[in-house]
Number of protein chains: 2
Amino acid sequence: MMAPSMATMLCVVTTDAAVAPSLLRRLLQRAAARTFNRVSVDGDMSTNDSVFALASGASGVSIPRGGQTAAAFGRLLDAVAGRLARLLVKDGEGATRVLEIRVRGARTDAQAQACARQVAFSPLVKSMLAGGDPNVGRIAAAAGASGARFNPSRLRIWIGKREVVSRGVVRARAQAAARPLLNRPAATVLIDLGAGQGTGAMVTCDLTEDYVRINASYST
Amino acid sequence: MMAPSMATMLCVVTTDAAVAPSLLRRLLQRAAARTFNRVSVDGDMSTNDSVFALASGASGVSIPRGGQTAAAFGRLLDAVAGRLARLLVKDGEGATRVLEIRVRGARTDAQAQACARQVAFSPLVKSMLAGGDPNVGRIAAAAGASGARFNPSRLRIWIGKREVVSRGVVRARAQAAARPLLNRPAATVLIDLGAGQGTGAMVTCDLTEDYVRINASYST
């Protein structure tokens, strides 16, 4: 859940452009798939999490159904949704930092996304992030448990710009050097499975003692 | 993971009976499916988690492939594996109590098991357990997010022997009375989805501040 006092996310994006409902729905579904459906605070979902897009048409500017204008409008919607989704993770209970996980080189996009999700949901990865400790074995173990098929000897992992796992082997010096990169308010991990062209991504936050304190003490 | 110092579970069950490898393998697989594969500390898996069964035959007693003796031997193996699996959860990092989750009334056993897993993996449920607070909305939300199909108005949930949700409605007095039942070292939750005959079960532990402390500070 995003915030106990709300117990849900209700997101409304508004525009003063005139957009046909079918086009706006399609663009919003695409944006949500790439943003809101790729974030996790703790893996728990509220049954009420919702995102709405409202177009008033007050500006008198109309977005045609196809072509470059619709594509540009879609990119703006992606950007707004992406920013809101990231803020939502940043605001997670007890969170002190945000981690962006990107996966590439999977056999399929679905396998890449499964890998990104498994890493993003892993309490071991998330508590490692709280401690700012680049324990890359946990990232590799979560990738391995995700069901994505890959050869471990081709696995590569970066923390920030540091390649900490190369051909399945931990590079100890790079791992030590990656510590400050993981201690940033916004950290990144890139996983290359070396098995294909599939890509995926998730944004998550650290699992801190405050998360437990907040959720253990907040009474019904 | 079960214990950071080992980073894995290596379980060996021994018997001095003579048991054919194919029979022992079949019985062990069944036992593991019902026990080790139904526990979770934090949802993370070690790639090395393994269970072995070794039969020395030293007693001179032979277990035939079929019939009541093999069935009785299988039940004993289930019991040993079940006890070890439970001890393993009890020994989870920072754990102060164990929660047994049983699900019945699902459309299929697979849906019941998916429901039990979702509840067992939920950080919100697990931190609620740490606080000993019977916040049954979290159990219902995890059940709803599991993909198991059911009508919420038929949902029933028990904590210990207290029915805290009846026909989808929280019974506030029973919920308050369930608090001491959740504060035990071994607590139970029963979920009846009211949709069929499928059953499933999981054993998990609470998510405490100590879990985060242990896993955030233990360096590579």
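**Around one asparagine**

Author: Happy to! Setting aside neighbours within four places in sequence, A:Asn215 is in contact (heavy atoms within 4.5 Å) with A:Glu93, B:Leu124, B:Ser127, B:Met128 and B:Arg138. Before we go on: this is a predicted model, where local features need pLDDT of at least 70, side-chain atom pairs count only at pLDDT 80 or more, and totals for chains, interfaces and linings use all residues. Residues are numbered from 1 along each chain as its sequence is written, chains are lettered from A and ligands numbered from 1 in the order in which they are written, and side-chain values use heavy atoms, with hydrogens and water left out.

Reader: Is A:Asn215 buried or exposed?

Author: A:Asn215 sits in helix H8 (residues 209-217) of chain A; helices (H or I, at least four residues) and strands (E, at least two) are DSSP runs, numbered from the N terminus. Buried means under 20% relative accessible area, exposed over 50%, and partly exposed in between (1.4 Å probe, protein chains only). With a relative accessibility of 1%, A:Asn215 is therefore classed as buried.

Reader: What area is buried between chain B and chain A?

Author: The contact draws 31 residues from chain B and 31 residues from chain A. Buried area is the accessible area (1.4 Å probe) that two parts lose on being put together, summed over both. Carbon and sulfur atoms give 56% of the area buried between the two chains, which comes to about 2700 Å².

Reader: Which residue forms a salt bridge with B:Glu209?

Author: A salt bridge here is a side-chain nitrogen of Lys or Arg within 4 Å of a carboxyl oxygen of Asp or Glu, and the rule finds 2 of them across the interface of chain B and chain A. B:Glu209 is partly exposed because its relative accessible area is 22%. Its partner, with the closest N and O atoms 2.6 Å apart, is A:Arg213.

Reader: How many residues apart in sequence are the parts tied together by A:Arg179 and A:Asp133?

Author: These two residues form a salt bridge, with 3.2 Å between the closest N and O atoms. A:Arg179 lies in helix H7 (residues 179-182) of chain A and A:Asp133 in the loop between H4 and helix H5 (136-145) of chain A, so the parts that the pair ties together are 46 residues apart. A:Arg179 is partly exposed at 35% relative accessibility, whereas A:Asp133 is buried at 4%. The separation you asked for is 46 residues.

Reader: How many residues of helix H4 of chain A are buried?

Author: Among the buried residues of this helix are A:Pro123, A:Leu124 and A:Met128. The helix (residues 123-131) is largely enclosed by the rest of the structure, because its buried residues number 7 of the 9.

Reader: What phi does A:Arg167 have?

Author: Most residues other than glycine have a negative phi. A:Arg167 is placed in the loop between strand E8 (162-166) and strand E9 (169-170) of chain A, and is exposed with a relative accessible area of 68%. Although A:Arg167 is not a glycine, its phi is positive, at about 50 degrees.

Reader: Which residues form the nonpolar patch on the surface?

Author: Patches are made of residues with over 30% relative accessible area and no salt bridge, like charges being joined within 9 Å and nonpolar side chains (Val, Leu, Ile, Met, Phe, Trp, Tyr) within 5 Å; accessible areas come from the Shrake-Rupley method with a 1.4 Å probe, and for residues only the protein chains shown count as cover. Strand E1 (10-15) and strand E4 (50-55) of chain A each supply at least two residues of the patch. With about 390 Å² of accessible area together, its members are A:Leu10, A:Val12, A:Phe52 and A:Leu54.
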